[in-house]
Amino acid sequence: MISRRAVLAGTLSAPFVANIAARAQGAADIDVAIIGAGAAGIHAARQARAAGLTARIFEARSRVGGRVFTDTSLGSDFEAGAFYIHWAETNPWAEIAKSLQIEAISDSGLWGGFDVFSNGRRLTGEERSRRRGGFWRLANVLDGEPTAMDMSFGEAARRVSPDQPDAASGMTLLSLGEDADRVSIRDYQRLDSGEDLVLPGGYGRLLARYAEGLDIALATPVTAVDYTGPGIRLETPRGTVRARAVIVTVSVNVLKSGAIRFTPELPAGTRRALEGLGMGALTKLALRFEATKFGQTPWTQFFDSSRPGDLVNFEFWPWGNDLVVAHFGGDYARGVAAMGEAAAVDHMLARLVAILGEDARKAFRGGRLAGWSADPLALGCYSIAKPGEADQRDALAQPVANRLWFAGEASAGAGSMTAGGAALAGARAIAMIRKVL
Ligand SMILES: Cc1cc2nc3c(=O)[nH]c(=O)nc-3n(C[C@H](O)[C@H](O)[C@H](O)COP(=O)(O)OP(=O)(O)OC[C@H]3O[C@@H](n4cnc5c(N)ncnc54)[C@H](O)[C@@H]3O)c2cc1C
């Protein structure tokens with residue numbers, strides 16, 4: 001006679017157990033579905049593999065990397081998105097580069113000096129030192145004790161530098177891509193800082209190398225996520241996929257755009273978090289020139305503005321190549337990106353010609369716009385917390401129904417806005433998924 005326990009044990013042999021488990025999971029095809037093959041998605045997929053979970057990334061673009069992209073269409077490397085490995089001491093990309101034997105060097109040598117212009121006119125020494133004074137006062141306050149009250153960066157700046165109303169936006173437009181009055185000072189003060197590294201071979205190539213061998217469905221946008229049942233159903237133009245958990249890494253503005261329909265509707269806490277977050281519009285535009293360097297050494301920067309908000313930083317000849325890369329942000333950048341590439345390139349070339357003279361036009365050979373704010377798969381450069389909303393990043397990082405995780409850069413706390421933070425957020429999601437699957 002065999003015991004009840006033995007009968008049970010015999011009946012629940014491995015295939016049978018697997019079958020019950022599969023039914024409970026809604027017969028999942030994979031353990032973890034990851035939406036987006038950017039820094040967060042790629043690192044999450046690597047962590048999933050290391051943990052013995054099956055993971056597949058669904059990526060709408062026909063390339064990996066997301067907002068980390070080394071664009072070669074002009075014939076020279078144009079780092080269209082992320083450039084620095086920030087706070088390299090703890091940034092996973094520093095370690096990953098090392099493990100892949102990809103060179104990452106200190107950014108301290110990338111300095112060619114700078115000059116400041118207003119509408120193409122070089123500022124006098126007196127004008128420059130007045131501006132510098134405003135920036136230093138501000139920088140000291142921002143690096144000091146966190147402000148007790150969460151207010152806008154602009155308001156905090158006006159309290160210390162009332163005579164320099166534009167200094168704050170001068171800082172935030174090129175670092176956050178957004179006007180200072182739309183950014184939480186507390187969120188900014190909370191961000192990680194440390195040593196910066198750069199990748200002579202291109203940040204985009206590092207991510208592409210790291211993604212090699214992963215299960216990635218390119219050109220496969222996810223249009224709907226249904227987490228009604230015990231598992232998850234993802235809709236894509238190539239069919240339905242069932243997973244036990246999903247990690248969503250698309251940007252805050254893509255989430256807000258409704259490009260992915262969630263059923264049931266996302267919980268109030270997640271929707272509230274998305275309301276409190278926004279995205280800056282840091283934009284880069286590369287101009288290629290032939291046969292002249294205009295007397296400028298690599299990494300020289302020209303700052304030019306004609307009115308508040310339209311500040312542009314022209315960076316000359318990165319890595320000694322033949323590009324001048326314009327950086328600009330805020331509503332001005334949104335307007336330029338919305339012009340479309342040809343008009344945007346003409347516009348930016350005209351601004352550079354106003355500084356360098358008509359010879360620049362003769363040497364011009366082509367341009368490329370990285371207009372992230374007009375790109376439907378990004379809709380901005382990186383997340384910002386609105387004034388008074390510094391806590392919403394942590395709210396976004398909360399799991400939904402223990403099956404749905406948000407893990408893009410916006411949910412990365414002190415690492416937010418960066419490719420390093422995105423990777424850490426992806427790893428954190430996998431660590432939590434391991435506990436519940
Ligand atoms: C101009 C610029 C400069 C920057 N500079 C730096 C820097 O120097 N250092 C730094 O660390 N960071 C920098 N960043 C920020 C950094 O690039 C981002 O924080 C980081 O790359 C975000 O990674 P992510 O995985 O969270 O999101 P993403 O890279 O946006 O990845 C999400 C992916 O989801 C895809 N997707 C969107 N919708 C769908 C859908 N429906 N279905 C499937 N896939 C979808 C997108 O195509 C994208 O590939 C910069 C960004 C920009 C734009």
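Modeller: Before we look at this predicted model, a crossing of two helices is called right-handed if the near helix is turned clockwise from the far one by less than a right angle, and left-handed if it is turned anticlockwise.

Colleague: How many nonpolar, polar and charged residues does the contact of α3 with α16 have?

Modeller: On the α3 side the contact is made by Ala39, Ala40, His43, Ala44, Gln47 and Ala48, and on the α16 side by Ala419, Ala422, Ala423, Gly426, Ala427 and Ile430. Gly is counted among the polar residues, and by class the contact of α3 with α16 comes to nine nonpolar, three polar and no charged residues.

Colleague: Turning to α4 and α9, how are these two helices oriented to each other?

Modeller: The axes of helix α4 (residues 92-99) and helix α9 (residues 203-211) come within 11 Å and cross at roughly 70°. Angles from 65 to 115 degrees count as roughly perpendicular, and therefore α4 and α9 are, relative to each other, roughly perpendicular.

Colleague: Into which classes do the residues of the contact of α4 with α9 divide?

Modeller: In this pair, where α4 passes α9 in a left-handed crossing, α4 brings Trp93, Ile96 and Ala97 to the contact, while α9 brings Tyr203, Leu206, Leu207 and Tyr210. Tyr and Trp count as nonpolar in this scheme, and the residues of the contact of α4 with α9 divide into seven nonpolar, no polar and no charged.

Colleague: Which residues that line the largest cavity are the closest to its centre?

Modeller: The count gives one cavity of 30 Å³ or more, and the volume of the largest cavity is about 70 Å³. Its lining comprises 14 residues, which by class are eight nonpolar, four polar and two charged. The closest to the centre of the largest cavity are Val250, Leu255, Leu396, Gly408 and Ala410.

Colleague: What is the make-up by class of the lining of the second largest pocket?

Modeller: The second largest pocket has a volume of about 550 Å³, and of the 22 residues that line it, Arg131, Asp166, Ala167, Ser305 and Pro308 are the closest to its centre. Helices α5 (125-143) and α7 (167-175) each supply at least two residues of this lining. By class, the lining of the second largest pocket has seven nonpolar, seven polar and eight charged residues.

Key: Residues are numbered from 1 along each chain as its sequence is written. This is a predicted model: local features need pLDDT of at least 70, side-chain atom pairs count only at pLDDT 80 or more; totals for chains, interfaces and linings use all residues. Side-chain values use heavy atoms; hydrogens and water are left out. Contact means heavy atoms within 4.5 Å. Helices (H or I, at least four residues) and strands (E, at least two) are DSSP runs, numbered from the N terminus. On a 1 Å grid over the protein atoms alone, a cavity is a set of points where a 1.4 Å probe fits but cannot get out, and a pocket is an open set with protein on both sides within 12 Å along at least five of seven lines; lining residues have an atom within 4 Å of a point. Grid points are joined across faces, edges and corners, and a volume is the space filled by probe spheres set on the points. Axes are lines fitted to C-alpha atoms, for helices over the stretch in contact, and angles run from 0 to 180 degrees between N-to-C directions. Angles under 35 degrees count as roughly parallel, over 145 as roughly antiparallel, 65 to 115 as roughly perpendicular and the rest as oblique.
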